[in-house]
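Hi,

Here's the structure I promised to pass on. Have a look, and my notes follow below.

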Amino acid sequence: MNIIYNRIKDLANEKNISLAQVERDLDFSNGVISTWRKSNASQDKILKVANYFNVSTDYLLGRTDNRNVDKTNIDIEEALNSAMSYDGKPITEHDKDIIRELLKAYLDNKD
């Protein structure tokens, strides 16, 4: 679990804040982050830290070096394939194409 501690420490250093400040800001017990050098952090605490630094939980866990949060978390094709009907009528391939393009345009221009 050392990776979680090291990544949090690095993120805090980049923002010029102490681990104690991070703990205060997140309403964690004093020194809890330091315990993560040798023990497991709970999922809810990892999520809070990830949100605090605007990084992905996968980054904190060492599963990726990409800090970016995947904000969409949606597979457009999967969503369209699972759409069965609208108002009792099946969604046509033409409708799916229109919806697909609208969603892609929206997501590309988001932020």
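First, a term: I call a residue buried when its relative accessible area is under 20%, exposed when over 50%, and partly exposed in between, using a 1.4 Å probe and protein chains only. On that basis, 24% of the 111 residues in the protein are buried.

Keep in mind that this is a predicted model, so to speak of local features I need pLDDT of at least 70, and side-chain atom pairs count only at pLDDT 80 or more, while totals for chains, interfaces and linings use all residues. Numbering starts from 1 along each chain as its sequence is written, and side-chain values use heavy atoms, with hydrogens and water left out.

Confidence: mean pLDDT (the predictor's confidence in each residue, from 0 to 100) is 84, and 86% of residues reach 70 or more.

The protein has seven helices and two strands, in the order α-α-α-α-α-α-β-β-α from the N terminus. These are DSSP runs (helices H or I, at least four residues; strands E, at least two), numbered from the N terminus.

Now the helix pair. The axes of α1 (residues 2-14) and α4 (residues 43-53) come within 11 Å and cross at roughly 25 degrees. That makes the two roughly parallel (angles under 35 degrees). Ile4, Ile8, Leu11 and Ala12 in α1 meet Ile46, Val49 and Phe53 in α4, contact being heavy atoms within 4.5 Å.

Cheers

Key. Axes are lines fitted to C-alpha atoms, for helices over the stretch in contact, and angles run from 0 to 180 degrees between N-to-C directions. Angles under 35 degrees count as roughly parallel, over 145 as roughly antiparallel, 65 to 115 as roughly perpendicular and the rest as oblique.
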